[in-house]
Amino acid sequence: MPSRAVPLLVLAGFSLLTLAVFRPTLSEVAHTAPAFHGFVADALLLMWATSHVSRAFFADPLHLFEAGIYHPARHTLAFGDHMIGQALVGLPVWLATKNPVLEYNVLALASYALGATAMFLYARETIGGVAAGLAAGLVFAFTPFRFHSPLWLQVLFTPFMPLALLFWLRFLRTLAAGDWALWVVCWVAHSLMGMYLALYFGVTMTILALHALVAAPRRRERRLRLGVLLAPVATLCLLAPTLWPYLALRASQGHVREVGLDTHLSFFLPGPGTLSGRLAGLEGYAQFGPGLVIVLLGVLGAVAGWQRQRVEGSARHFLWQVHALGLGVTLCLILLPIRVQLAVPGLDMVRNTDRAFFVSLLFIAAFVGEAVAWLTTRVHAPRLRMAVAVGLLAALVVDMGTPPRERKRLPLGREIPPAYGWLHDLPPDQVVYEQVNGAEAMALAMYFAIFHQKRLVDGYSGFTSPGAGYLTQELYHFPEPAALRLLDRIGVGHVLSHFATQETADAAVARLAPSLAVAARFGTDVVFAVRGPAPAPVVADLARPLPRQDWRLAASSGNETLPALRDGDRVTAWRGAAVPGESPPWLVVDLGGLHPISGVRCVPRRADAPGVYLAEVDLSADAATWTPTGARFVPDSLATLLDHPADLAYYEARFPTRAARYVRLRNPALAFWGGPWEIAELDVLEDGEGSR
């Protein structure tokens, strides 16, 4: 059989295995998305990003990262994984069908067959033998952790990872410019698939490359040293256009993680559906490790590889070091506490350390391939050797685990609600606010935006800038006057609201503000046209802070930190807390006497302060009867909050002047969402004119 036909046959075989494992129907592939307990938001986010990139390649490639969510924010494609690599691979499907669901599912299924085939090519060349290559391909691609990551296409599509390692090893052996170029190209291609694996594989590949400078058989040759040092530089240069939006957002919006999830040792226990895990009684929650067959073969392969390198010399010794070092590095990345990783620039963009296990699988697969090669070479009779190889491959298949079956149907074609068809016919420069809240609803709004192609004010993503979070929360109060004024300021022309019943829709239409009109209605879905801002309340032209030294402060929690509210230090802060389902948290200021109060000013520790701007202000003369002011907290400069939030000075609520002794801040919205409520400095504003 021609050697070039072998990879094609292997690809066909792994494709058939993929179909056998997942048993997809045409209806499922074209109309459903993977779900987890009904949750499908992450898949919709990546579906939206892939579709956006597929369309932008032809419509506006120079503005690829201006993705049409979180208007008026910039570079919003970089609020999550950009999916450029997946969009390039899936472009034929997109051009032929314009079906984002089909494109996503085809890419997800292809990731198994392509990943396994790429690992086969790596293992066949570096370890030797078809059986070793097939075993490595199975372990790399068909494993519980991959099976149970269907919502995250950015970590599934990894075929370029073993290819990058393959061409790197070829370059170290041949020092050929073509192998060096293929190494860089595959490294770049892999990095275009997602930030998680770009970072983790980049760390691993860089450490392996540096190791080659001191351990590769031809390490003393100038061409090797130059190539190894230039490859990371060339990779970064080629990736620069896709990296700079992330760097820009990091600098302007503070897009880094502050919290994340550690990986517990139980993660490595056999995952769902592994036969060995079930027989050994090791099945449990949040376990995604390979089956015990793979573990035993991996250990055997490490030992066999060590013995083999002692016989075959320096090249084999270096290969064993590469596999051992790569596995050690990735396991360290998995087990390194997240608080340590978040202190490292670059790694402070990751949230789950277990994602490094996708890179570990490459080296585990290599050791399993080494074990299969060693076991089959112990048998000299050809037929018996074939039987041993088939038996080992069958054991790997039986113990590889099973994928989840949960899926959720998505609307397509005529199933898409007609309101979105109406939005599609608007001029292309129109901005739409869809009045939804929560991850699932926002992700679904982005899914429908694939079809109506209008910019949205809200969205769902891995990162959210302070300004986007503020707009999302404040606009949800539509059609309150403050929300109408905010819509007008950011240039929103239409609002799509979804009502639970016809009666609630009728009631909303009946009491429209003068600055709104019904543009279209489709049952309980109503599109409102924004015709201008709502009138602003009459407030004092001049407001000044009251002296704070005689205040008496009380709060529902955090009383020990109340002095921070008036210590003049923006670093210290009062910290209250809200527990979902319990009474709303509150903060009360006793001014000591009646004053003409016209506002409250809160200085946050950071601009991303929903606890501050979600608060409501009440006034009282006797602390018994409270009058809501109805005022919303607004930033001192909306432009600053949107573009440079670190420079924001304060949030302020202004209202018509009223005489009061007590000022109360309540936070029922935070009681619903939960989370901290931090205020660094608090000022109560009096009417500067009326108090003269």
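Is F145 buried or exposed, and at what relative accessibility? F145 counts as buried, at 5% relative accessibility, because buried means under 20% relative accessible area. The structure is a predicted model.

**Overall picture**

The chain has 692 residues, and 54% of them are buried. Its secondary structure comprises 27 helices and 17 strands. The C-alpha trace spans about 100 × 55 × 50 Å along its principal axes. The accessible surface comes to about 29200 Å². Carbon and sulfur atoms hold 63% of that surface. Take the contacts with a separation of 6 or more: 75% of them join residues 24 or more positions apart.

**Aromatic pairs**

The whole structure contains 29 aromatic pairs. A pair of aromatic rings is described by the distance of the centres and the angle of the planes.

| Pair | Centre to centre | Angle between planes | Class |
|---|---|---|---|
| F145 and F288 | 5.9 Å | 45° | tilted |
| F478 and F528 | 5.7 Å | 55° | tilted |

Where do the partners F145 and F288 lie? F145 is in helix α8, residues 144-147. F288 is in the loop between α14 (275-279) and α15 (292-312). The two parts are 143 residues apart in sequence, so the pair ties together separated parts of the chain. F145 and F288 also belong to a cluster linked by ring pairs.

**Charges over rings**

Two arginines are placed over aromatic rings. R257 lies over the face of F463, 4.1 Å from the ring centre. R601 has its charged end over the ring of Y650, at 4.4 Å from the centre.

**Nonpolar cores**

In soluble globular proteins, nonpolar side chains tend to be buried together. Here the largest nonpolar core has 161 residues. Which of its residues touch the most other members? They are F142 and W168. A second, separate core has 59 residues, among them V492, V495, V617 and L642.

**Helix α7**

Helix α7 is mostly covered, with 10 of its 12 residues buried.

**A buried glutamine**

Q86 lies in helix α4, residues 84-89. What is the relative accessible area of Q86? The value is 0%, so Q86 is buried. Which residues does Q86 touch, not counting those up to four places away in sequence? The contacts are T50, L107, L153, Q154, F157, L192 and M193.

Note on methods:
Residues are numbered from 1 along each chain as its sequence is written. This is a predicted model: local features need pLDDT of at least 70, side-chain atom pairs count only at pLDDT 80 or more; totals for chains, interfaces and linings use all residues. Side-chain values use heavy atoms; hydrogens and water are left out. Helices (H or I, at least four residues) and strands (E, at least two) are DSSP runs, numbered from the N terminus. Buried means under 20% relative accessible area, exposed over 50%, partly exposed in between (1.4 Å probe, protein chains only). Contact means heavy atoms within 4.5 Å. A nonpolar core is a set of buried Ala, Val, Leu, Ile, Met, Phe, Trp, Tyr and Cys residues joined through side-chain atoms within 4.5 Å. Rings of Phe, Tyr and Trp (its six-membered ring) pair if their centres lie within 6.5 Å; planes under 30 degrees apart count as stacked, over 60 as edge-to-face and the rest as tilted. A charge sits over a ring if NZ of Lys or CZ of Arg is within 6 Å of the ring centre and within 35 degrees of the ring normal. Accessible areas come from the Shrake-Rupley method with a 1.4 Å probe; for residues, only the protein chains shown count as cover.
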